[in-house]
Amino acid sequence: MTRKIKMRIWRGNSETGSLQDVSVDANEGEVVLDVIHRVQATQMGDLAVRWNCKAGKCGSCSVEINGKPRLACMTQMASFAEDETITVTPLRAFPVIKDLVTDVSFNYKKAMEIPSFEPPADLKPGEARMQQIDVERSQEFRKCIECFLCQDTCHVIRDHEENKKSFAGPRFFIRIAELDMHPLDMLRNRKQKAQEEHGLGMCNITKCCTEVCPEHIRITDNAIIPMKERVVDVKYDPVRWLGSKIRRREEVL
Amino acid sequence: MERHNYDIVVIGAGGAGLRAAVEAREAGLRVAIICKSLFGKAHTVMAEGGVAASMGNVNENDGWKVHFRDTMRGGKFLNHYRMAELHAKESPDRVWELEVWGALFDRTAEGKISQRNFGGHEYPRLAHVGDRTGLELIRTMQQRIVALQQKDKRDHGNAESHIKVFAEVTVTEILKEGGKVAGVYGYRRENGVEVLFEAPAVVLATGGVGKTFKITSNSWEGTGDGHALALKAGGNLVDMEFLQFHPTGMVWPPSVRGLLVTESVRGDGGVLTNSDGIRFMFKYIPDVFKDKYADNEEEADRWYNDQTNNRRPPELLPRDEVARAINAEVKAGRGSPHGGVFLDVSKRLPADVIKKKLPSMWHQFMELANVDITKEAMEVGPTCHYVMGGVEVDPDTAAAVGVPGLFAAGEVAGGMHGSNRLGGNSLSDLLVFGRRAGLGAANYVKSAPAAKVSDESIKRAAEKIQAPFDRTGGENPYALHEELQELTQNLVGIIRTKSELQEAIEKIADIRKRIEKVSVSGDRQFNPGFHLSFDLDNMLLIAESTAKSAIVREESRGGHTRDDFPGMNPKWRQINNISSFTGKEIVVKQQDLPNMPAELFDLFDPHELEKYMTPEEMTKGGSK
Ligand SMILES: Cc1cc2nc3c(=O)[nH]c(=O)nc-3n(C[C@H](O)[C@H](O)[C@H](O)COP(=O)(O)OP(=O)(O)OC[C@H]3O[C@@H](n4cnc5c(N)ncnc54)[C@H](O)[C@@H]3O)c2cc1C
Ligand code: SF4
Ligand code: SF4
Ligand code: FES
């Protein structure tokens, strides 16, 4: 069940580039990444594309397929019409290095700006006790495979280079939420910092990030909105924050 | 050319490399981490089922001695006893430490880290996060490194003053001066610029070799680079004939053939059946395991709820046994439509439990094969998964034998798992020996002179990188890779014979000649064809070492099955096959396996040891 399909692949570098048409075989059950690999092996030996796991687990193969941010390894060829031309372009929010490979260092810089996990000073290895229900909220965010599709799609930075400086992006809002909800994290004011230093205020809850997340993390509903609401609380009632952490700590140790 | 100077260079950002880097940094040293992909994408991210550590959270009878025994049994007593001992003793601390760094494992009702059943482990032992444990491991250590960098920023004004990650840099050579390691050479994939790192100590943490085979669960990174780098630097590889074919890889559709179906599916109740609907594993329980595995369905099913009074289901035999059984069923014509067998949880667990316990498996089958595993059976078959063989190291320090300044940990190191690795024992191996390698390298550096690489060495290394562009032979690297994968799969695969191995060795030699003619198109920038031309060279060394070790080992044990020598031979249990590289070819020599000391020997029931050891060994007992 092999068919010929038409694909347009963006090729170029940081300076110039263009869409190039190819005609290539696609077999039953294949995903877009398989077909890109076939192009690589038979027609364009130096076509650049990132990938690792080919199973939706590593978040390397992020590209835009017909304009939508997607994992190339999880997009089935069968999801396109027989005669549809499939256009594959690099992530638009990040500078191109070559072909489908972009410079995603923005995200690693942002990761560096988020204050790290801070366990209780006296926590001894093996002594932590946490209930499943209490770890589950943070676990949802720890499913993140850092594909950065949510970052790519977020309109705050997608076409606004100038916002990048002050906006951490949805990937890092869930990181802050994860730590904030982590039963063992002792650092204060994570939510305020999200608002004041990481640009949470610039998010206007369009939910586009949630829609593209291949891990189905409910970025807006479970991280962004609760943080925005709680920021309001905490600003007026700092004692409440303290109370909640102390109570949690007692259960923990 | 870019030039850097560090105390320690760690090649690899998987679990082993990151753990080594953390340890070396905490010992006060300056560390570079180099990896082929982006930071956080190493193969470890794919690990699913869990990390083995005898914390005893679910069954308090567990402890290091039980874990040690299981590991030796799983490896059919060819493991380096000292590695298995250190691993069993230290893995609980390594897991708990991750929790202090922010990891969130699934919990027991008491709030402790939950542990699940896995093949070959006597008690529930695998700490896990659903079926994405590797991601948790990588992310926790990645974030630990960020935390250390943030501290360096506060203390030294520069986040990268003491640990720096060089992502998308490929190492092509380990450089030595005066017989000792002096640094590494490679290039940046992003722009093709060459990079020299001068350092007195190098830790190899480069992972596995799966891409040498056609059907594999490994990513493109698994090309055996570290194994090959060690050989070329004068190191040895131990027992490269032992490859783990994981029994359950996807078989359909073809584009995902080989992709892993985690063993947790069986640990949580999944059963294997053939085209006649028979649960066939009961037929394949080897004598050595008869007292531990149930021989009837009723007992096997009772085991899930009462492990004290029942024997385990045979689906949970060590992987080599299950892979061979599936192979045999398919050969006998009782396979599934696409050449595998059936693995079913849908009739065993309610749909919501399946989705909760095996979320990524559910997605993987739904999105890639249009199969809903809560309703239908999966089709599965063996896939090349893990290499037990690897760099010969000193167990305590992870120092590579024969190359001062070189260390190795994780999948690239050999000895720990003997002839077959138990599931979950790799993630724990990465943590235990990653840490030991970081420490070993740090101690070595303290008394080693500063490294200086000569201009001559640099020139030679640079020429090798340029070579594929200067050649005009016209061999296509992709085509040669396919040819190699085809031949390893067919001739050096699960079931081996002398004549086929002989044929493989000849064909590998032929491909080796032809890679001299590989030429690549385009320029150096992010060019996968160019990259593959180096990988090919590495994979050929792996294939040669595997085939040459396999042809001399005239027995079947763990991940090495000889059709012409079925059954274990106790003589061969006492022998390691040691590969070295002459510069032209691989030479395999035999070396005695170190003897277990009495205190470990005596942990086993003598009746069990008799099944593996010669009468002389039994009378001698462990060494005093
Ligand atoms: C699908 C799957 C599931 C698994 N599940 C489990 C499980 O549940 N439990 C378990 O214990 N084990 C499991 N394993 C096995 C385990 O994941 C691996 O053995 C382990 O992750 C290897 O880790 P590592 O640190 O040795 O190397 P890897 O994680 O493979 O990392 C290797 C690193 O080296 C770098 N590198 C390699 N060559 C070079 C070079 N030339 N230059 C620069 N950098 C280089 C790579 O870029 C990478 O960063 C699984 C394996 C697979 C494939
Ligand atoms: S919800 Fe907020 S973070 Fe998400 S895409 Fe919209 S603006 Fe960006
Ligand atoms: S939150 Fe989802 S979309 Fe964003 S980086 Fe993580 S996995 Fe990708
Ligand atoms: S290759 Fe890993 S997510 Fe696509």
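Ligand 1 is surrounded by 39 residues, the closest being Thr44(B), Glu221(B), Asp225(B), Glu411(B) and Leu427(B). A residue counts as near a molecule if one of its heavy atoms lies within 4 Å of it. This is a predicted model, in which local features need pLDDT of at least 70, side-chain atom pairs count only at pLDDT 80 or more, and totals for chains, interfaces and linings use all residues. Residues are numbered from 1 along each chain as its sequence is written, chains are lettered from A and ligands numbered from 1 in the order in which they are written, and side-chain values use heavy atoms, with hydrogens and water left out.

## Ligand 1

| Residue | Part of the residue | Distance to an oxygen atom of ligand 1 |
|---|---|---|
| Gly49(B) | backbone N or O atom | 2.8 Å |
| Glu221(B) | side-chain N or O atom | 2.6 Å |
| Ser426(B) | side-chain N or O atom | 2.8 Å |

On its own, ligand 1 has 1,000 Å² of accessible area, and the protein covers 99% of it. Accessible areas come from the Shrake-Rupley method with a 1.4 Å probe; for residues, only the protein chains shown count as cover.

Several elements of chain B each supply at least two residues of the shell: helix 1 (15–26), strand 3 (31–35), strand 8 (169–177), strand 16 (378–387) and helix 11 (425–447). Helix 11 of chain B gives the largest share, 4 residues. Helices (H or I, at least four residues) and strands (E, at least two) are DSSP runs, numbered from the N terminus.

The shell divides into 15 nonpolar, 18 polar and 6 charged residues. Here Ala, Val, Leu, Ile, Met, Phe, Trp, Tyr, Cys and Pro count as nonpolar, Asp, Glu, Lys and Arg as charged, and the others, Gly among them, as polar.

The residues around ligand 2 come from chain A, among them Cys154(A), His155(A), Pro170(A), Cys203(A), Lys207(A) and Cys209(A). Helix 5 (155–158) and helix 9 (219–236) of chain A each supply at least two residues of that shell. By class, it has 7 nonpolar, 4 polar and 1 charged residues.

Around ligand 3 stand residues including Cys144(A), Cys147(A), Cys150(A), Cys213(A), Glu146(A) and Pro214(A). The shell around ligand 3 has 9 nonpolar, no polar and 1 charged residues.

## The interface of chains A and B

The size of an interface is often given as the accessible area lost when the parts come together. Chain B and chain A bury about 5,000 Å² between them, 53% of it on carbon and sulfur atoms. Buried area is the accessible area (1.4 Å probe) that two parts lose on being put together, summed over both. Lys41(B), Leu104(B) and Phe526(B) supply 13% of the area that chain B buries against chain A, more than any other three residues.

In contact terms (heavy atoms within 4.5 Å), 67 residues of chain B meet 63 residues of chain A. Polar contacts link 40 residue pairs across the interface, both residues at pLDDT 80 or more. Helix 3 (81–100), helix 4 (133–156), helix 10 (359–369) and helix 15 (528–552) of chain B each supply at least two residues of the side that touches chain A. Helix 4 of chain B gives the most, with 10 residues. By class, this side of chain B has 29 nonpolar, 20 polar and 18 charged residues.

Trp96(B) lies in helix 3 of chain B. Trp96(B) touches Pro125(A), Gly126(A), Met55(B) and Ile113(B), not counting residues up to four places away in sequence.

## Salt bridges and backbone

Side chains of opposite charge can pair when their charged atoms come close. A salt bridge is a side-chain nitrogen of Lys or Arg within 4 Å of a carboxyl oxygen of Asp or Glu.

Glu168(B) and Arg50(A) meet in a salt bridge (2.6 Å, N to O). Glu168(B) sits in the loop between strand 7 (163–167) and strand 8 of chain B. Its phi is near 55 degrees, a positive value in a residue other than glycine.

Within chain B, Arg25(B) forms a salt bridge with Asp152(B), the closest N and O atoms being 2.6 Å apart. The pair links distant parts of the chain: Arg25(B) is in helix 1 and Asp152(B) in helix 4, 127 residues apart.

A cis peptide bond joins Trp252(B) and Pro253(B), with omega about -5 degrees. Pro253(B) lies in the loop between strand 13 (243–250) and helix 6 (264–267) of chain B.

Definitions and conventions:
A polar contact is a pair of N or O atoms within 3.5 Å; within protein, one must be able to donate a hydrogen and the other to accept it, and residues adjacent in sequence count only if both atoms are side-chain atoms.
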